[in-house]
Amino acid sequence: MTSARRSPDPYLWLEDIGGDEPLSWVRGHNATTTSEFSGTRFDAMRDEALAILDTDAQIPYVRRRGQYLYNFWRDANNARGLWRRTTLDRYLQDEPEWDVVIDVDALAAAEDENWVWAGATVLRPEFRRALVSLSRGGSDAVVVREFDLETRQFVADGFDLPEAKTQIGWIDADTVFVGTDFGPDSLTDSGYPRLVKRWKRGQSLDEAELVFSGESSDVTVGASFDDTPGFERTLISRATDFFNSELHELTADGELRRIDIPTDASPSVHREWLLIELKSPWEVGGAEYSAGTLLAARYQDFVSGDRVLTPVFVPDEHASLHHYAWTRDRLTVAILRDVASEIVVFTPGSWHWAPLPGVPDNATTQIVAIDDLGDEIFLDTSGFTQPSTLLRGQVSATSASVAPIKSAPSFFDDDSFAVAQHFARSDDGTAIPYFVVRAKGSDVAGPTLLGGYGGFEVARTPGYDGVLGRLWLSRGGTYVLANIRGGGEYGPAWHTQAMREGRHLVYEDFAAVARDLVARGITTAAQLGAQGGSNGGLLMGVMLTAYPELFGALVCQVPLLDMRRYHLLLAGASWVAEYGDPDAPEDWEFISKYSPYQNISTTRQYPPVLVTTSTRDDRVHPGHARKMTAALQEAGQPVWYYENIEGGHGGAANNEQSAFKAALAIEFLWRQLAP
């Protein structure tokens, strides 16, 4: 094997994100790719995807803020979206009447800015003021402005921050905690806030009181104020790396009191309760608790030194904690059992639990909104062939149940497809689950799209995707979702064993699923495609350079690829805990074995690959995708490239761009896998 990459890096110039020469290179490649894959089928698929994304029949998901339910909505007439609200009575109607609070399209036009909605933080308990975040082109960096929900106007001389990766939250009507770019030495090496200040109305940002400062090597720091009546407290967090952090309470007399839990645990505080989700085993108070256990303690007792802990949830080889949320008086927990959902409700104190009535079996169910001051809960349930259903109900001391209130439409013939779960054996013998979605009765090998992620303890679960169903399944394709290690499908250990020097397990698992699909006769190597983004884009890069014989085509989106320099680019330093430090020789020893950019071959034949990214992605640097494409071209390998000039890490800033991105990927796969 020989390398197409010389030293020093001949494509370093492509890391200049907005430079004239790199953007000229981008536009040239965009034109080539668009010309190659445009046509009747592409146009039809783009239109179909856009119709699905723009349809008024989608479920308008909501979040309660006081008497109103708030929703952010995009459709054909509102490309940038509407922040709007309604009452529960209206929401339960088939066609609710909405009150528009902010029209982002109108705002962007009035200010001649490419605004993308990035959320709002509303002051409790009156819910009259909001801190609205707006992104230029979809980047993580935002501008923040104070907004009056009664007058529907931005507040003159209100809290206002220029573009930065800002963290901000209310303390009271005239005070906020803020971490932002305060100037030199105020950001971490990862580009996130290093300082937190208490900022009062009328002060300049320079006059704000410094509350906490972290180290440059930290990922980020932040502060939040818990305004729950009777339980008011200020919490300071310091993330020393992506998976380790410290939590402190800032007392009224200014003392910084450490919450003494493992740094890799995930804590949360609700009223009198402290919950601790363990990522590794913990021996404390004469007892030992396993990774993945959810522990409960009375907060005040714990910070005073008491170590009486109650295991709320204990994992086993089949079941793991997915997520949880509080109503005022009850804890609702979503559990994954072999990647299928269970929803249970716990009574604090006794910690007795019961299944939540009304939740369907054999579906992926998630908590999408909950009222921690009341008892209201909203759940979404769906599957590969089951469109989303929104459930609403109460979880309180006297009752707990949910019932359907809204359903999304079908976008393809759901009844024509069957879902099966199989297990492949990885190189070390571990059973790797994966789902197959294909036409009922199909018994011949055909074009197959394999998806996966494998990182940061992100669990990939079955869910309805109307665009994928219409563009891929309905045209005769098979879809496969691989639940490889690195994710969180089986709890923390499923992830931690595949970190750093164990990273090879991610790639061995995915390759094992690819081989198993062929062995079962579901597809052939020539008909097997794979697609992944971000960390999943790195997965695609490794499949390309280390396992090219297993695939007929690959789609690599917003990827990490140059693992020699990833920690120097944008937010890359924050992921050293996941991948290792390339500057440490002992870490580079294992990283160098798989880093796609450093392992391009001029002698092995690669399958065709489509590489896509976004100029406005300020999380994963577009230089990864640019440089990999240039090096593949130099090596004589078949590669196409497309870079959206806006869109952030999601690769698209609106539905039209999302539809284009989906149609481009699927058209590319159809061309390669079923010519």
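Into which domains is the chain divided? Domain 1 covers 20–51 + 410–673, and domain 2 covers 318–408. These bounds come from an automatic or database domain assignment. The model is predicted: local features need pLDDT of at least 70, side-chain atom pairs count only at pLDDT 80 or more, and totals for chains, interfaces and linings use all residues. Residues are numbered from 1 along each chain as its sequence is written, and side-chain values use heavy atoms, with hydrogens and water left out.

**View A. Domain 1 meets domain 2.** The two centres, taken over C-alpha atoms, are 31 Å apart. Contact (heavy atoms within 4.5 Å) links 22 residues of domain 1 with 15 residues of domain 2. About 1500 Å² is buried between the domains, and carbon and sulfur atoms give 68% of that area. Buried area is the accessible area (1.4 Å probe) that two parts lose on being put together, summed over both. On the domain 1 side, Pro462, Tyr464 and Tyr490 lose the most area to domain 2. Together these three give 33% of what that side buries.

**View B. Strands 24-25-26-27 form an open sheet.** Strands (E, at least two residues) and helices (H or I, at least four) are DSSP runs, numbered from the N terminus. Two strands pair if DSSP finds at least two bridges between them. The four strands here pair in the antiparallel sense. Strand 24 (319–326) and strand 27 (352–355) are the edges; each has a single partner strand, so one side of each has no neighbour in the sheet. Neighbouring strands are turned by 30 degrees against each other on average, direction ignored. Axes are lines fitted to C-alpha atoms, and angles run from 0 to 180 degrees between N-to-C directions. Seven bridges pair strand 24 with strand 25 (residues 331–337). His323 has Ala334 of strand 25 as its bridge partner.

**View C. Strands 10-11-12-13 form another open sheet of four.** Pairing is antiparallel here. Strand 10 (167–172) and strand 13 (209–213) stand at the edges with a single partner strand each, so one side of each is left without a neighbour in the sheet. The twist from one strand to the next averages 20 degrees. Strand 10 joins strand 11 (residues 175–179) through five bridges. Trp170 stands opposite Val176 of strand 11.

**View D. Strand 39 runs parallel to strand 38.** Six bridges join strand 38 (residues 609–614) to strand 39. Ser614 has Asn644 in strand 39 as its bridge partner. Strand 39 (residues 639–644) is mostly covered, with five of its six residues buried. Buried means under 20% relative accessible area, exposed over 50%, and partly exposed in between (1.4 Å probe, protein chains only).

**View E. Leu450 sits in the largest nonpolar core.** Such a core is a set of buried Ala, Val, Leu, Ile, Met, Phe, Trp, Tyr and Cys residues joined through side-chain atoms within 4.5 Å. Beyond four places in sequence, Leu450 touches residues including Val480, Phe510, Leu528 and Phe551. Another core, of 18 residues, lies apart; Val101, Ala120, Val122 and Val132 are among them.

**View F. His624 lies in helix 12.** This helix spans residues 623–634. His624 counts as buried, at 2% relative accessibility. Not counting residues up to four places away in sequence, His624 touches Pro559, Leu560, Leu561, Asp562, Tyr566 and Leu569.
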